[in-house]
Protein chains: 2
Amino acid sequence: MHAKPQTIALANTRAAILDLAERLLQEKGYNAFSYKDISNPLGIKNAAVHYHFPTKTALGVATLRRYRERFQEYILGFEQSDADPLAKLNGYIAIQIDHLRNGYRVCPLGILEAEYNTIPSELRAEAKALEKEIWFWVRDTLAAGREQNIFHFMGTSEDKACLIAAALQGALQMARIAGASSFFAIVRQIKRDLGLKE
Amino acid sequence: MHAKPQTIALANTRAAILDLAERLLQEKGYNAFSYKDISNPLGIKNAAVHYHFPTKTALGVATLRRYRERFQEYILGFEQSDADPLAKLNGYIAIQIDHLRNGYRVCPLGILEAEYNTIPSELRAEAKALEKEIWFWVRDTLAAGREQNIFHFMGTSEDKACLIAAALQGALQMARIAGASSFFAIVRQIKRDLGLKE
DNA sequence: GTCTATAACGTGATAGAC
DNA sequence: GTCTATCACGTTATAGAC
């Protein structure tokens with residue numbers, strides 16, 4: 001039996017498009033990237049991109065969904081290894097640091113929230129789903145950490161999860177203007193406000 | 001002596017354009033609003049907008065500069081009335097609540113940071129100036145509040161100012177997806193983490 | 001699957017009349 | 001100061017050949 005080269009080629013191109021779309025989304029925003037920004041670097045034509053993703057909305061949705069699935073796998077890894085809450089928090093922060101170091105990308109959520117009134121409803125729905133998952137996970141991690149006397153804070157873990165998620169999202173954006181040091185200042189302060197040792 | 005009607009007319013149109021541009025900037029972002037979005041509601045033609053602001057860059061810069069000057073006047077009012085640090089912090093939060101209640105607008109800084117890689121350098125410079133002013137003022141307010149035993153927190157007021165500024169910025173954005181309640185959750189938590197009574 | 005070619009539209013911007 | 005008219009360009013998207 002022979003392998004099916006065309007199927008492989010499809011998967012590769014598709015994945016390459018999604019990789020680039022994800023990067024462009026985080027670097028420039030949904031409105032500010034075009035099919036040309038995708039087809040040119042890949043050495044293909046915009047019609048080829050349309051073959052894989054008929055509309056820009058479909059491309060955006062697929063990009064965000066893949067990002068979300070990757071996040072799910074990431075946190076699943078923590079559950080399977082019985083990681084402690086601090087390791088989980090550090091893991092979430094590590095994702096943001098990765099974005100920061102990778103060309104000052106911002107969280108896709110932050111971009112889509114900023115552009116919220118101008119993006120298609122399908123994209124909004126995907127963003128909502130991602131936001132919910134992140135928030136649930138941060139909240140549970142904070143609650144578990146407090147129960148184990150690792151984190152110390154006043155108020156509900158719901159409120160604290162909102163604060164930390166929003167602060168990290170804002171931190172990545174702020175870093176574009178104020179530099180990477182402002183991002184790390186925020187991470188330091190988040191940890192102090194959880195009663196963690198420096 | 002007669003008044004000069006044409007001068008007054010100019011000032012009115014100019015101000016009306018800036019009002020609308022500011023709203024559009026905070027609601028849709030810099031890239032997503034057009035001259036048509038401005039001229040149509042005002043009942044004028046796009047050429048008239050170009051008369052007052054030759055380029056979109058000039059319009060964006062003027063919009064942001066006026067926002068910054070208003071902020072300067074706002075904090076000057078606090079200095080002249082010898083307001084205490086808590087009143088100042090609440091004043092800053094009140095600006096954000098005003099944005100939230102006014103059609104889920106976000107902080108202009110947040111929008112411009114998200115679009116940072118796609119906006120003209122003149123706009124970036126204006127955003128930097130605004131960011132600096134806000135940060136200095138929040139930092140000084142936090143430091144004074146700690147000295148007066150009103151605020152209580154670990155770490156430097158520099159770090160804490162970064163955290164609070166980023167969190168409020170992220171809170172306005174998050175509210176678009178998660179609703180206004182998530183914004184107020186973050187405000188509550190910020191105050192708790194400053195050792196303020198509920 | 002990818003190409004060429006093109007459609008249909010919106011954009012920022014300008015020239016010149018009033 | 002505002003208008004009409006127009007330009008040059010970039011955008012998403014489609015039809016049909018290969």
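Three cavities of 30 Å³ or more are counted, a cavity being a set of points on a 1 Å grid over the protein atoms alone where a 1.4 Å probe fits but cannot get out. The model is predicted, so local features need pLDDT of at least 70 and side-chain atom pairs count only at pLDDT 80 or more, while totals for chains, interfaces and linings use all residues. Residues are numbered from 1 along each chain as its sequence is written, chains are lettered from A in the order in which they are written, and side-chain values use heavy atoms, with hydrogens and water left out.

The largest cavity holds about 80 Å³ of space, where a volume is the space filled by probe spheres set on the points, which are joined across faces, edges and corners. Its lining, made up of residues that have an atom within 4 Å of a point, consists of Tyr92(A), Gln96(A), Cys107(A), Leu109(A), Glu131(A), Ile134(A), Trp135(A), Ala165(A), Leu168(A), Gln169(A) and Met174(B). Two or more of these residues come from each of helix H5 (85-101), helix H7 (121-147) and helix H8 (157-178) of chain A, helices being DSSP runs (H or I, at least four residues) numbered from the N terminus. By class, the lining of the largest cavity divides into eight nonpolar, two polar and one charged residues, with Ala, Val, Leu, Ile, Met, Phe, Trp, Tyr, Cys and Pro counted as nonpolar, Asp, Glu, Lys and Arg as charged, and the others, Gly among them, as polar.

For the second largest cavity the volume is about 70 Å³, and the lining includes Met174(A) together with Tyr92(B), Gln96(B) and Glu131(B). Three residues of this lining, the largest share, are given by H8(B), and the classes are represented by seven nonpolar, two polar and one charged residues.

When the copies are superposed by least squares on the C-alpha atoms of residues with pLDDT of at least 70 in both, chain B can be laid on chain A with an RMSD of 0.0 Å by a turn of 180° and a shift of 0.0 Å along the axis. The two copies are therefore related as by a two-fold rotation axis. Among the residues of chain B, Ala167(B) comes closest to this axis, with its C-alpha at 1.9 Å.

The contact (heavy atoms within 4.5 Å) takes 41 residues from chain B and 41 residues from chain A. Because 100% of the interface residues of chain B are also interface residues in chain A, the copies meet through the same surface. Between them the chains bury about 3,700 Å², 63% of it on carbon and sulfur atoms, buried area being the accessible area (1.4 Å probe) that two parts lose on being put together, summed over both.

Six salt bridges are found across the interface of chain B and chain A, each defined by a side-chain nitrogen of Lys or Arg within 4 Å of a carboxyl oxygen of Asp or Glu. A salt bridge joins Arg188(A) to Asp159(B), with the closest N and O atoms 2.8 Å apart. Over all chains the count comes to 28 salt bridges. Arg188(A) lies in helix H9 (residues 180-192) of chain A and Asp159(B) in helix H8 of chain B, so this pair joins two chains.

Note on methods: On a 1 Å grid over the protein atoms alone, a cavity is a set of points where a 1.4 Å probe fits but cannot get out, and a pocket is an open set with protein on both sides within 12 Å along at least five of seven lines; lining residues have an atom within 4 Å of a point.
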